[in-house]
Amino acid sequence: MARNKYPEVTVERILDVSQRLFLEKGYDSTTIQDIVDKLGGLTKGAVYHHFKSKEEIMDAVGDRMFFENNPFEAVRKRTDLNGLQKLREAIRLNQSDSARTSMTVQSIPITRNPRVLVGMIDANRRILTPYFLELINEGNADGSIQTNYASEIAELLPLLTSLWLLPNVFPATKEEMKRKFLFLGDMLEKMGVPLMDDSIMLLVNEFFDQMPDYR
């Protein structure tokens with residue numbers, strides 16, 4: 001059998017088809033066979049050569065969607081915003097991306113897989129923490145943020161939003177999740193990072209309204 005000379009092309013095809021199916025049919029209603037049927041010539045074995053499971057495909061789709069439309073990169077070089085405004089705008093851009101928020105809601109059940117959960121936490125630490133730290137430090141420098149805990153907050157934010165607000169890890173109703181987010185906003189403000197404003201709270205409430213209750 002001839003070797004695939006361009007495995008990255010195959011991976012992109014798998015992710016393209018999977019993303020479309022997940023958004024159209026939903027993650028739970030999409031099977032590996034559905035993905036294979038739309039790939040035109042690839043076998044199920046070829047898919048499993050690159051991805052061990054549908055969960056792993058979903059994880060990769062989510063990562064790709066983030067990097068293709070990275071809200072932190074969109075704001076980091078803007079000269080019309082201070083550090084705090086950049087943080088707020090990055091969150092607004094992320095929460096306003098309906099395709100990505102839909103995928104985030106759909107991906108909640110796959111974090112029951114410990115490997116996926118640990119991988120998500122590790123990726124958040126490696127990728128999101130440096131972005132948060134850069135903007136918090138910028139805010140400290142321009143005066144829009146006043147905190148002595150820049151590094152700690154940069155580590156804590158991805159951890160809380162990816163683990164503590166994950167309802168299948170800490171079961172919660174929609175209202176309980178909203179209350180947690182209010183707590184997070186109050187805590188950050190007392191630490192000198194008044195991140196949450198009315199526009200962010202509106203987007204976050206809309207996001208939580210899409211989610212089922214996990215109690």
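Me: In which helix is Val 17 found?

Reply: This is a predicted model, in which local features need pLDDT of at least 70, side-chain atom pairs count only at pLDDT 80 or more, and totals for chains, interfaces and linings use all residues. Residues are numbered from 1 along each chain as its sequence is written, and side-chain values use heavy atoms, with hydrogens and water left out. Helices are DSSP runs (H or I, at least four residues), numbered from the N terminus. Val 17 lies in helix H1, residues 7-25.

Me: Is Val 17 buried or exposed?

Reply: Buried means under 20% relative accessible area, exposed over 50%, and partly exposed in between (1.4 Å probe, protein chains only). Val 17 has a relative accessible area of 7%, so this residue is buried.

Me: Leaving aside neighbours within four places in sequence, with which residues is Val 17 in contact?

Reply: Contact means heavy atoms within 4.5 Å. With those neighbours within four places set aside, Val 17 touches Ile 35, Lys 38 and Leu 39. The C-alpha atoms of Val 17 and Lys 38 are 6.7 Å apart, although 21 residues separate the two along the chain.

Me: At what angle do helix H4 and helix H7 pack?

Reply: Axes are lines fitted to C-alpha atoms, for helices over the stretch in contact, and angles run from 0 to 180 degrees between N-to-C directions. Helix H4 (residues 54-68) and helix H7 (residues 98-107) pack at about 155°, their axes being 10 Å apart. Angles over 145 degrees count as roughly antiparallel, under 35 as roughly parallel, 65 to 115 as roughly perpendicular and the rest as oblique; H4 is therefore roughly antiparallel to H7.

Conventions
Helices (H or I, at least four residues) and strands (E, at least two) are DSSP runs, numbered from the N terminus.
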